[in-house]
Amino acid sequence: MKRAAAEILREYGPFPDAERVNGVTYDGKNVWFATGDKLKALDPESGTIVQSIDVASHAGTAFDGEHLYQIAEDRIHKVDPKTGKVVATIPAPGNGGDSGMAWAEGSLWVGEYRAHKIHQIDPETGRVIRSIESKRVVTGVTWIDGELWHATWESEEGDLLRIDPETGDVLQEIAMPSGVSGLESDGEGCFFCGGGSSGKIRAVRRPGYRAGK
């Protein structure tokens with residue numbers, strides 16, 4: 001297994017009226033992050049907040065190319081980012097123990113913190129399609145180039161882990177400066193990582209990435 005320290009590219013925040021970062025996602029332009037009662041959009045180039053939506057946002061956040069998905073206690077809300085309206089709601093698989101969410105292959109992938117699981121669910125119904133067991137707690141999830149990564153937060157320590165989606169074995173480990181709440185790839189060479197009660201977001205270099213490969 002490969003283990004290395006995270007290469008921090010940039011830190012954002014803390015932000016006004018955002019005491020926590022509970023989840024992060026990326027829409028191809030902006031980084032959306034959950035603060036508890038709002039979803040905020042961050043321009044990663046300027047570091048400024050460019051949009052805010054009033055919606056319960058207690059854990060993971062995802063984007064399917066058109067809509068945002070946001071964990072709110074034991075539910076997942078589907079949100080239209082243009083209007084800020086909740087257009088659908090489905091049950092979350094962890095019944096309130098959910099943490100971390102991603103969109104990939106037409107499904108939502110939802111972390112269940114204490115169960116050490118990542119659930120692939122139907123975004124229309126919330127039905128669990130399959131579950132992947134991890135060896136560690138799950139606090140963020142992302143798929144990129146066929147690789148499954150998840151974040152951890154135990155005590156005050158955090159890591160980014162690439163795991164085998166069949167066995168849950170850890171293949172690669174990136175040590176973070178502190179616990180991670182929410183994880184998303186920009187589709188290229190960067191991970192965006194939520195910093196929980198620090199109110200910060202860190203941009204971290206994705207290991208092994210080569211532009212144009």
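Arg202 is buried, with a relative accessible area of 13%; buried means under 20%, exposed over 50% and partly exposed in between, with a 1.4 Å probe and protein chains only. Arg202 belongs to strand S21, where helices (H or I, at least four residues) and strands (E, at least two) are DSSP runs numbered from the N terminus. The model is predicted: local features need pLDDT of at least 70, side-chain atom pairs count only at pLDDT 80 or more, and totals for chains, interfaces and linings use all residues. Residues are numbered from 1 along each chain as its sequence is written, and side-chain values use heavy atoms, with hydrogens and water left out.

**Surroundings of Arg202**

- The side chain of Arg202 makes a polar contact of 2.8 Å with the side chain of Glu11. A polar contact is a pair of N or O atoms within 3.5 Å; within protein, one must be able to donate a hydrogen and the other to accept it, and residues adjacent in sequence count only if both atoms are side-chain atoms.
- Another polar contact, at 3.1 Å, links the side chains of Arg202 and Ser178.
- Not counting residues up to four places away in sequence, Arg202 touches Ile8, Arg10, Glu11, Met176, Pro177, Ser178, Phe191, Phe192 and Cys193; contact means heavy atoms within 4.5 Å.

**Cavity**

- A search of the whole structure finds one cavity of 30 Å³ or more, and the largest cavity has a volume of about 40 Å³.
- On a 1 Å grid over the protein atoms alone, a cavity is a set of points where a 1.4 Å probe fits but cannot get out, a pocket is an open set with protein on both sides within 12 Å along at least five of seven lines, and lining residues have an atom within 4 Å of a point.
- Grid points are joined across faces, edges and corners, and a volume is the space filled by probe spheres set on the points.
- Arg202 and Ser178 are among the residues that line the largest cavity, as are Met176, Gly179, Val180, Cys193, Gly194, Gly195, Ser198 and Lys200.
- The lining of this cavity has three nonpolar, five polar and two charged residues. Ala, Val, Leu, Ile, Met, Phe, Trp, Tyr, Cys and Pro count as nonpolar, Asp, Glu, Lys and Arg as charged, and the others, Gly among them, as polar.

**Pockets**

- The largest pocket has a volume of about 250 Å³. Of its 16 lining residues, Arg20, His58, Ala59, Asp98 and Ser99 lie nearest its centre.
- Strand S11 (residues 98–104) gives the most to the lining of the largest pocket, with three residues. By class, this lining has six nonpolar, seven polar and three charged residues.
- The second largest pocket holds about 170 Å³ of space. Residues that line it include Leu9, Arg10, Tyr12, Tyr26, Pro44, Glu45 and Phe192.
- S2 gives the most to the lining of the second largest pocket, with three residues. That lining has seven nonpolar, one polar and four charged residues.

**Nonpolar core**

- The largest nonpolar core has 13 residues, and Tyr12, Phe15, Val31, Phe33, Leu42, Phe192 and Ile201 have the most contacts inside it. Strands S3 (23–26), S4 (31–34), S20 (190–194) and S21 (201–205) are the elements that give two or more residues to this core.
- A nonpolar core is a set of buried Ala, Val, Leu, Ile, Met, Phe, Trp, Tyr and Cys residues joined through side-chain atoms within 4.5 Å.
- Leaving aside neighbours within four places in sequence, Phe15 is in contact with Phe33, Leu42, Gly47, Ile49, Gly199 and Ile201.

**Loops**

- The peptide bond from Gly13 to Pro14 is cis, with omega near 0°, and Pro14 sits in the loop between S2 and S3.
- Asp17 is found in the loop between S2 and S3. Its phi is near 60°, a positive value in a residue other than glycine, and Asp17 is exposed at 66% relative accessible area.
- Asp145, in the loop between S15 (140–144) and S16 (147–154), has a positive phi near 50° and is exposed, with 56% relative accessibility.
- Ser134 lies in the loop between S14 (128–133) and S15 and is buried, at 7% relative accessible area.
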